[in-house]
Amino acid sequence: MKKQNRLLSLILSLFLLLFTLVPQSALTVKAEGNSEMAVHFIDVGQGNAILVQSGGQNLLYDGGDQSHADLIISYLQEQNVENIDYMIASHYDEDHIGGLVPCIDNFSVSNIFGPDYVHTSNLFNNFMNTATANAIIVQYPSVGETFDFGTGSFTVLAPNGISQNSNDNSLVIKLENGSNSFIFTGDAEETSEQDMISTGMNLDCDVLSVGHHGSANSTTWDFLEATSPSYAVISCGINNQYNHPSADTMGRLSDMGIPVFRTDKQGTIIAVSDGTNISWSQEPCNDYSSGDSSVNASAGGTGGNSRQEETTTSDPVPEQEESNNADLGTMVWIPATGEKYHSIPNCGRMNPDTARQVSRSEAEAMGYGPCSKCY
Ligand SMILES: [Zn+2]
Ligand SMILES: [Zn+2]
């Protein structure tokens with residue numbers, strides 16, 4: 001008995017010693033408060049991987065491709081992950097589950113969630129077999145199901161059905177902590193976005209993890225208006241072969257004035273929610289350039305536009321000024337949400353269904369600026 005007590009106190013004092021010796025790391029943002037939830041958008045190049053930590057629990061949404069498996073494992077170890085309470089495979093494309101397979105072997109995993117379809121690839125078979133070998137059954141949660149996680153919860157928003165397009169099978173979740181919310185879309189595209197809107201679920205969120213690495217087929221006007229995020233995060237690789245993110249998607253985000261974070265420009269990005277506010281490990285880069293360098297070269301961006309305006313206003317020819325003033329009476333199109341006015345309702349940077357016409361001077365008085373694409 002005495003021996004046991006001595007051993008117990010020895011362990012206790014060792015534990016206390018360790019606790020006081022371990023320095024508070026200044027480099028990592030951790031959810032240490034009672035109601036905190038940390039969301040790590042891990043830079044896995046062209047792929048997706050999000051780690052969420054809250055209340056001692058861990059959720060891993062996608063794990064990047066196979067070439068980033070070692071990075072994911074060491075990143076999770078640095079965050080003291082031993083058990084993954086929820087491992088979620090958005091869908092079974094390589095850039096999402098490649099890094100998950102070794103995580104099943106390297107950590108204890110309580111639950112694996114994924115969409116209910118069969119992907120014809122060795123990697124998919126490997127993923128399923130590794131789960132089975134670790135006595136884990138891959139579960140297929142239904143739309144609307146909610147699961148407690150840490151100090152909050154997450155709800156399944158998609159897929160509403162299984163299609164031939166594996167991206168549209170993405171298991172989309174809305175993660176909530178107090179009044180803060182995040183939506184992780186995987187590679188969901190337009191069809192899935194429309195399905196989510198049709199269900200009538202509350203899609204409003206603070207942070208949108210932009211679908212399919214910013215591809216043009218995702219993040220439609222309708223979905224952006226339904227989610228109305230305060231921040232968008234894009235996970236994509238530098239100079240990736242798909243030219244992600246697309247000029248169309250970046251134009252929509254820019255026109256709606258949504259601040260943007262990008263892993264290709266900023267590396268790993270961490271958001272910490274305290275249930276009321278969200279703080280970030282860095283400022284949004286607000287770099288709305290596309291991954292297609294040929295588009296970037298011709299688009300010119302807002303810098304080119306302001307230069308044009310400067311030359312127009314300093315132009316001594318009075319007719320120019322007159323025509324500019326007359327221009328203010330012409331009708332333009334303004335979006336339901338967004339900061340730009342357009343010469344046509346369907347230039348691609350505004351939802352034409354909810355656009356309305358006002359005079360240009362009215363639009364400018366309301367604070368709208370000209371669209372860089374159609375004006
Ligand atoms: Zn992908
Ligand atoms: Zn995909």
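Predicted model: local features only at pLDDT ≥ 70, side-chain atom pairs only at ≥ 80, totals over all residues.
Visitor: Which residues coordinate the zinc ion (ligand 1)?

Guide: Asp-95 (OD), His-96 (NE2), Asp-187 (OD) and His-213 (NE2) coordinate the zinc ion (ligand 1) at 2.1 Å, where donors are N, O and S atoms within 2.8 Å of the metal (3.2 Å for Na, K and Ca), and water is not among the atoms, so sites may look incomplete.

Visitor: Why is the site of the zinc ion (ligand 1) called irregular?

Guide: The angles among its four donor atoms run from 84 to 153°. Four donors count as tetrahedral if all angles lie between 85 and 135 degrees, four count as square planar and six as octahedral if opposite donors are over 155 degrees apart and all others between 65 and 115, and anything else is irregular; the site of the zinc ion (ligand 1) is therefore irregular.

Visitor: What does Asp-187 bridge?

Guide: Asp-187 bridges the zinc ion (ligand 1) and the zinc ion (ligand 2), which lie 3.6 Å apart. At 1% relative accessibility, Asp-187 counts as buried.

Visitor: What makes Arg-262 and Asp-287 a salt bridge?

Guide: Their side chains meet at 3.7 Å, N to O, and a salt bridge is a side-chain nitrogen of Lys or Arg within 4 Å of a carboxyl oxygen of Asp or Glu, so the pair qualifies. Arg-262 is buried, with a relative accessible area of 1%, whereas Asp-287 counts as partly exposed at 23%.

Visitor: How far apart in helix H13 are Glu-364 and Arg-360?

Guide: Glu-364 and Arg-360 are four residues apart in helix H13 (residues 360–365), which means that about one helical turn separates them; helices (H or I, at least four residues) and strands (E, at least two) are DSSP runs, numbered from the N terminus. The two residues form a salt bridge, with the closest N and O atoms 3.5 Å apart.

Methods
Residues numbered from 1 in each chain as written. Chains lettered and ligands numbered in written order. Heavy atoms only, no water. Buried < 20%, exposed > 50% of the residue type's maximum accessible area, 1.4 Å probe, protein only.
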